[in-house]
Number of protein chains: 4
Amino acid sequence: MSATNITLEQAETAVKAAKVKAVELGTLMNIAVVDAGANLTAFARMDGAWLGSVDIAQKKARTARYFDMPTGEVGKLSQPGGSLFNIEHSNGGLITFPGGIPIENADGQIIGAIGVSGSTVENDNEVAQAGVDSLS
Amino acid sequence: MSATNITLEQAETAVKAAKVKAVELGTLMNIAVVDAGANLTAFARMDGAWLGSVDIAQKKARTARYFDMPTGEVGKLSQPGGSLFNIEHSNGGLITFPGGIPIENADGQIIGAIGVSGSTVENDNEVAQAGVDSLS
Amino acid sequence: MSATNITLEQAETAVKAAKVKAVELGTLMNIAVVDAGANLTAFARMDGAWLGSVDIAQKKARTARYFDMPTGEVGKLSQPGGSLFNIEHSNGGLITFPGGIPIENADGQIIGAIGVSGSTVENDNEVAQAGVDSLS
Amino acid sequence: MSATNITLEQAETAVKAAKVKAVELGTLMNIAVVDAGANLTAFARMDGAWLGSVDIAQKKARTARYFDMPTGEVGKLSQPGGSLFNIEHSNGGLITFPGGIPIENADGQIIGAIGVSGSTVENDNEVAQAGVDSLS
């Protein structure tokens with residue numbers, strides 16, 4: 001049976017991989033990893049990355065764990081007229097555009113999540129995915 | 001004359017009925033019941049239910065009692081261009097999509113409300129309705 | 001190996017046992033149980049219990065899990081001149097007087113916590129302990 | 001002239017040194033580093049460290065930078081009757097017991113701060129100091 005909560009070692013591996021991808025893309029990112037309980041486990045802000053993304057990266061990571069899906073999936077449903085319109089007002093503020101992705105163990109259980117913010121949502125999501133991939 | 005405030009016994013009956021319906025639908029739900037004063041009375045999170053729904057279930061229950069109507073009805077009015085656009089900013093955050101329903105006594109007085117979150121809004125609402133029906 | 005997170009069934013057993021003790025003591029209590037991640041799992045407010053204790057019971061449960069010790073132990077250190085003076089300003093508000101107790105599994109791992117509020121801190125703590133004892 | 005803001009590389013060096021010291025002391029710590037603007041730069045929670053210290057470590061780091069002195073120095077002034085009594089109510093919550101220390105560059109300019117939480121304040125402070133020392 002795989003462990004059901006992410007370790008700091010895993011979280012730091014994900015942050016490191018995300019940084020490598022961010023450099024590759026020529027971006028400056030804030031990167032946050034939360035555990036299975038949605039509590040902050042590791043965080044890094046690259047030099048010169050947006051200050052406003054300190055909070056967004058963390059909210060993306062928490063949002064991904066809160067609903068066990070990529071943040072962008074929540075955002076598709078939270079548009080005006082959508083079934084989850086304005087869900088962002090819950091939980092002290094959610095971020096529902098791409099850049100937050102759940103992290104699973106080998107058994108497919110969600111053990112945490114990563115959130116990335118600092119560039120376009122496409123870049124944010126690609127950097128987050130690199131973090132996830134580093135653990136599989 | 002019927003009592004004007006829900007009892008814990010009634011609230012726990014509603015939570016139990018909601019859990020039964022959630023299992024029947026194959027969903028994992030957070031279920032909250034508030035009293036006539038919109039204060040939390042009973043709550044249950046099924047094992048593995050979304051963590052982000054802890055707050056949403058409670059906000060749905062409060063929203064339903066704050067305005068004495070199902071949360072989805074508020075949501076119809078809070079869309080862009082609607083008469084209550086962005087009402088979700090009030091009261092520390094509202095949730096205005098389906099899943100919150102007022103609870104009435106035999107005289108039609110509202111004595112509390114139930115809020116359910118953890119699946120589609122259709123499932124959320126059906127589970128909430130099962131809670132309401134258990135008391136009638 | 002014992003499970004590392006409390007189940008809803010366990011949480012409801014603890015709430016039920018706490019209610020029995022509260023009745024025995026002639027008190028009206030708010031009772032909250034959080035899981036290993038400090039997220040709300042079960043809650044009950046006895047009819048007529050203090051409304052202000054809805055929040056306090058939850059904060060006691062979270063505080064006990066946040067620091068893996070009974071809330072009263074934190075309170076001994078947070079007095080004026082104490083080593084943790086004004087720690088209550090963290091985490092969106094802590095409650096550091098008795099009534100919150102961690103819950104362990106058979107292996108001694110902390111899997112959640114219970115918080116009780118509604119009477120004297122002695123009674124609150126006794127009711128919380130009854131909840132803990134029901135799971136051992 | 002030395003740089004006037006801490007880099008992520010420096011922040012991660014400090015976190016790493018703090019972790020080494022924490023292990024040496026047999027403690028489990030949350031470690032946060034903020035930059036000259038008091039914004040989070042790096043963070044790590046050791047496996048099993050107190051969840052409540054996620055916030056406290058960050059608040060200690062910010063408090064140290066907000067007032068450019070060790071947090072414990074602020075705490076001496078914030079006691080009942082002291083000149084800064086209850087200053088903890090400002091800035092969304094301060095932590096004023098030991099464990100937060102400013103970080104200076106070679107010219108003596110403050111370029112950030114470190115905050116550590118998870119054990120006694122003496123241990124917290126020793127671990128924070130190890131982080132500071134790793135950069136000098």
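**Close-up views of a predicted multi-chain model**

**Figure 1. Pro80(A) and the rotation axis.** Pro80(A) is the residue of chain A that comes closest to the rotation axis, with its C-alpha at 4.5 Å. Please keep in mind that this is a predicted model. Chain A is superposed on chain B by a rotation of 91° with 0.0 Å of shift along the axis, and the RMSD is 0.1 Å. The two copies are thus related as by a four-fold rotation axis.

**Figure 2. Where chain A meets chain B.** Here we look at the contact, to which chain A brings 18 residues and chain B brings 20 residues. About 1400 Å² is buried between chain A and chain B, and carbon and sulfur atoms give 64% of that area. Three residues deserve a look: Phe67(A), Phe85(A) and His89(A) supply 37% of the area that chain A buries against chain B, more than any other three residues. By class, the side of chain A that touches chain B holds nine nonpolar, seven polar and two charged residues. Nine residue pairs are in polar contact across the interface of chain A and chain B, both partners having pLDDT 80 or more, while the count of salt bridges between these two chains is zero.

Figure 3. Over all chains, the whole structure has 32 salt bridges. In this view, the side chains of Arg45(D) and Asp35(A) meet at 3.0 Å, N to O. Arg45(D) sits in strand 2 (residues 40-45) of chain D, and its partner Asp35(A) lies in strand 1 (residues 30-35) of chain A, so the pair crosses between chains. Are these two residues, Arg45(D) and Asp35(A), buried or exposed? Both are buried.

**Figure 4. A helix-to-helix salt bridge between chain C and chain B.** Glu12(C) and Lys19(B) join their side chains in a salt bridge of 2.8 Å, N to O. This pair also crosses between chains, from helix 1 (residues 8-25) of chain C, which holds Glu12(C), to helix 1 (residues 8-25) of chain B, which holds Lys19(B). Glu12(C) counts as partly exposed because its relative accessibility is 28%. Lys19(B), at 18% relative accessibility, counts as buried.

Figure 5. Asp55(D) and Lys59(D) form a salt bridge through their side chains (2.9 Å, N to O). The two are four residues apart in helix 2 (residues 53-67) of chain D, so about one helical turn separates Asp55(D) from Lys59(D). Both Asp55(D) and Lys59(D) are buried. In chain A, salt bridges that share partners link Lys21(A), Glu24(A) and Glu126(A) into one network.

Definitions and conventions
Residues numbered from 1 in each chain as written. Chains lettered and ligands numbered in written order. Predicted model: local features only at pLDDT ≥ 70, side-chain atom pairs only at ≥ 80, totals over all residues. Heavy atoms only, no water. Least-squares fit on C-alpha atoms with pLDDT ≥ 70 in both. Contact = heavy atoms within 4.5 Å. Buried area = accessible area lost by both parts, 1.4 Å probe. Salt bridge = Lys/Arg side-chain N within 4 Å of Asp/Glu carboxyl O. Polar contact = N/O pair within 3.5 Å; in protein donor to acceptor, adjacent residues only side chain to side chain. Nonpolar A, V, L, I, M, F, W, Y, C, P; charged D, E, K, R; others polar. Buried < 20%, exposed > 50% of the residue type's maximum accessible area, 1.4 Å probe, protein only.
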